Amino acid sequence: MDPFTKHTGTLAVMDRADVDTDQIIPKEFLKRIERTGYGRFLFNHWRFDENGDLKADFELNRPEAAGASILIAGRNFGCGSSREHATWALRDYGFRVIIAESVADIFRENADQNGLLVVTLPSEQIGQIMHAPAQSLTVDLEACTVTDSAGFLAQFAIDSFRRDCLLQGLERIGLTLQHVAAIQAFEDRSN
Amino acid sequence: MTVPRTMLDKIWERHLVHAEDGTPDLLYVDLHLLHEVTSAQAFEGLRLAGRPVRRPDLCVATIDHNIPTTDRSLPVLDDIARRQMEVLRDNVAEHGIRIFDIDDERQGIVHVIGPELGLTQPGTIIVCGDSHTSTHGAFGALAFGIGTSEVEHVLATQCIPRTKPRTVEIRLDGEARPGVSAKDLVLAVIGEIGVGGATGHVIEYTGAAIRALSMEGRLTVCNISIEAGARAGMISPDEVTIEYLRDRPFGPDSDAFEEAAARWLALATDAEATFDRTVVIDAASIEPQVSWGTNPAMVGPISGVVPDPADVESQVDRQAMERALTYMGLTPGTPFRDIKLDRVFIGSCTNARIEDLRAAAAAVRGRTVHPDVSAMVVPGSGLVKRQAEEEGLAATFREAGFEWREAGCSMCLGMNPDVLASGERCASTSNRNFEGRQGTGGRTHLVSPAIAAASAIAGTFAEPEGNT
């Protein structure tokens, strides 16, 4: 997993609550056996009309969201299905950071596994970012800050273990396998 | 004196492999359920890293999400779906994992077959690459859905790192009214606490109305915990649990059963233990529910009307409601009983067990499906299907004009050919009414099996005769 330390990028604003993973990556794209190539299907039914043309009014299709790598949304982003394909699609499309009022538990876990940083901020600060003139943000995971060029500054909280894993790009299976003796001992006790 | 513990505490402690400040606890997994849609990339990851499956004997696989529910002797026409199923077969064969394949009568929806085969047992930790894994918590297990990276993690290590979640007690006091099912109770709970209402928490359901439910009703309740944001829902084991598990093929041997049962009863949350939050709901206040929007918290009593966004104060909620009503093609103030249906789907890991089919069949018997409605019943497993056929339920459905299908997830998520056409309106016993869930542009209303069946007859939302 590629480490995450600091990222500056363009913002896409999705002022909605409860965006579910069925929207992020609709089920018809879950039949593939690969981990890659989901970006073109991201938000498929919201991004494209039935002819495959871009819907001009959808948030990601607005000119100011072109090339966005930071997505900002309301509460409970990524609720619903456990499909990791949602995270794969967001990353593959180009997103590195999700900033939201809150996210669903499984979504957060999946994001962590794929180096997609999830930052949660209070609704007031989410509102400030959504309505700020700056279209670019810097997210610094070492300092735990979100800033823009106009002087906006938000400090965010993140679990220290999750932060370390992201900063160092740690692979979780390798971490667990450091405890293989404890696993073996547990199995011996259980038998 | 020992510190009072919740059921979650007890299960957590018994599965603790390694604990260290500043890192998540490492928990041992007793049962890892696998299906075709979320496992291929996990097995591929193992292959690339040169890692074996640590405990293939603790894994069980089936094929449920993609599989057509029509004639099983026919080839699967969808090349990509067929490939995904073949990849699962290859992976389980390579690693020596048991599979209930489509030619096995025990095949079915993973959350239906686990309980009915006795694989799901109290006090265990169960994971699966599927958010409705919360279902299995009905037995007093800690069961939760995981993503594909964690499927790979569990395959490689049989362990899962977790920070202990908070707990919320949802207590359903009193007695449910006649005609109010487990589905109605839990939809009303989600309507009350919201789709993010239990995020970061494990729900423990308590109270007289929960105790009064059958094991299958409890499975329905725990199944939809995830729709309130809780990764897991749990109900402590009692005599209902024990009687359900007696003589299940993968349960404890008969000579070890009583000892196991005593252990299961001891899992219950201690009387003095406390939850981080408690929500109390009077079960007697709950009516049969119908969802009207595009998430499972957008529900109301069947006697009600489509709500009006103008009555909602919060701008975020008002806009969400407006968007939902536009998508659903509904006008505020319309009585649910006047909403015309095109389709009815009885099935899914929420409501495709034998009791669900009995409740639906009772509402159908001797009547016929409304001419404007196309209705189908998809049993949750091959075993449920056979039992329903033996009990005459299948004949009841067929004679009434329902299609009677083979087991699978089917139109709950429409990964197989069972989908809604754009604009079609469906009364569905499934768990998610998200946009496009049952087919692009399809409009899903979540209901109980009895309401779905009665609505298929009436052509609009209706309760079974004798209920009203």
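Two strands are taken to pair if DSSP finds at least two bridges between them, and helices (H or I, at least four residues) and strands (E, at least two) are DSSP runs numbered from the N terminus. The structure is a predicted model, in which local features need pLDDT of at least 70 and side-chain atom pairs count only at pLDDT 80 or more, while totals for chains, interfaces and linings use all residues. Residues are numbered from 1 along each chain as its sequence is written, and chains are lettered from A and ligands numbered from 1 in the order in which they are written.

Helix packing in chain B comes next. The axes of helix H12 (residues 354-364) and helix H14 (residues 393-400) of chain B come within 9 Å and cross at roughly 45 degrees; axes are lines fitted to C-alpha atoms, for helices over the stretch in contact, and angles run from 0 to 180 degrees between N-to-C directions. H12(B) and H14(B) are therefore oblique to each other, a label for angles left over once those under 35 degrees count as roughly parallel, over 145 as roughly antiparallel and 65 to 115 as roughly perpendicular. On the H12(B) side the contact is made by B:Leu357, B:Arg358, B:Ala361 and B:Val364, and on the H14(B) side by B:Leu393, B:Thr396, B:Phe397 and B:Ala400, where contact requires C-beta atoms, placed from the backbone, to lie within 7 Å.

Turning to chain A, strand E5 (residues 136-140) has neighbours of its own. Strand E1 (residues 6-14) of chain A runs antiparallel to E5(A), joined by five bridges, with A:Thr10 opposite A:Ser136. E5(A) also pairs with strand E6 (residues 145-147) of chain A, in the antiparallel sense over three bridges, and here A:Val139 stands opposite A:Val146. The hairpin of E5(A) and E6(A) has four residues between the strands, and in it A:Cys144 takes a positive phi near 55 degrees.

Finally, the two chains meet in a contact that takes 40 residues from chain A and 51 residues from chain B. The largest share of the chain A side, five residues, comes from H4(A).
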